[in-house]
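Dear colleague,

I am passing on the structure below, which you have not worked with before.

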There are 2 protein chains.
Amino acid sequence: MNNSENLIPIFPKGEKASADYFVGNVWIKNLIPADETFHMVIGNVVFEPGARNNWHTHPGGQILIATDGTGYYQQRGSPVQIVRKGDVIIISPGIEHWHGASPNSKFTHIAVNPNVQNGIVDWLQKVTDEEYNNI
Amino acid sequence: MNNSENLIPIFPKGEKASADYFVGNVWIKNLIPADETFHMVIGNVVFEPGARNNWHTHPGGQILIATDGTGYYQQRGSPVQIVRKGDVIIISPGIEHWHGASPNSKFTHIAVNPNVQNGIVDWLQKVTDEEYNNI
């Protein structure tokens with residue numbers, strides 16, 4: 001266990017994410033569903049070491065709040081960046097990106113998806129090992 | 001230190017909240033500012049034991065994500081409820097309410113304020129000790 005990880009996770013692990021859109025073991029716990037007042041979906045995502053989602057975009061954008069462990073984040077055309085507990089990432093609508101755990105630490109973030117009346121996510125191709133390790 | 005509290009907080013403590021709107025020691029760290037894409041403000045709030053905010057409403061509503069410790073939440077006309085790490089509270093626009101720590105534990109939550117084009121918060125009267133202890 002990495003020193004940056006909480007002893008007791010904030011949220012239960014939730015459901016295993018689909019292998020269609022993720023590499024490795026990822027767990028998603030929905031925290032709030034979309035409604036007509038907030039047009040927002042919030043979920044908690046736990047990535048096991050080395051796990052990540054596919055390249056994707058959010059039609060309404062996304063805010064990631066890193067709460068535990070150490071992860072990776074990359075926007076298309078920019079280097080992979082390390083994300084640590086307490087970091088907040090603002091992703092504008094339509095920006096192609098991926099996120100996941102680093103190779104030796106779990107990574108947990110809260111994902112806030114606003115403007116879901118425009119759509120939640122459009123999935124693209126998998127993040128290859130070459131892309132993942134290019135840091 | 002309460003067993004339910006993290007050893008290492010996720011966010012730095014931030015700025016001390018104004019005594020005009022809070023009883024006791026409360027610390028606010030802004031995580032994202034309002035913009036024209038998300039119309040959202042997100043902040044982290046740490047309440048020391050016994051501390052709470054005044055009664056208030058949010059014109060755009062609010063979502064509280066409890067991340068550490070044990071707190072209290074009350075809507076006008078309903079009993080005080082205990083809020084634990086991992087609980088999520090959805091507060092509709094215009095609902096009169098307050099939140100804070102329980103008497104013997106710090107309490108930390110992330111506050112997501114959507115629809116801030118309608119306003120962020122309207123402050124009302126202080127939560128008296130009688131109201132706070134009526135649990």
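What follows describes how the chains are related, how they touch, and what some of their residues do.

This is a predicted model, in which local features need pLDDT of at least 70 and side-chain atom pairs count only at pLDDT 80 or more, while totals for chains, interfaces and linings use all residues. Residues are numbered from 1 along each chain as its sequence is written, and chains are lettered from A and ligands numbered from 1 in the order in which they are written.

The same surface serves both, since 100% of the contact residues of chain A recur in chain B.

Between the chains, 23 residues of chain A are in contact with 23 residues of chain B, where contact means that the C-beta atoms, placed from the backbone, lie within 7 Å. On the side of chain A that touches chain B, two or more residues each come from β3 (26-32), β7 (62-75), β9 (88-91) and β11 (107-113) of chain A; strands here are DSSP runs of E with at least two residues, numbered from the N terminus. The largest share of that side, 3 residues, comes from β7(A).

The largest nonpolar core has 48 residues, of which A:Ile42 and B:Ile42 touch the most other members. Such a core is a set of buried Ala, Val, Leu, Ile, Met, Phe, Trp, Tyr and Cys residues joined through C-beta atoms within 7 Å, and a residue is buried if 20 or more other C-beta atoms lie within 10 Å of its own, exposed if 12 or fewer, and partly exposed in between. Leaving out residues up to four places away in sequence, A:Ile42 touches A:Leu31, A:Ile32, A:Ile110, A:Ala111, A:Val112 and, from the other chain, B:Ile63.

In chain B, strand β10 (residues 97-101) is mostly covered, with 5 of its 5 residues buried. Strand β7 (residues 62-75) of chain B runs antiparallel to β10(B) and is joined to it by 5 bridges (strands pair if DSSP finds at least two bridges between them), and B:Tyr72 stands opposite B:Gly100 in β10(B).

With best regards

Key:
Contact = placed C-beta atoms within 7 Å. Helix = DSSP H or I, 4+ residues; strand = E, 2+ residues; numbered from the N terminus.
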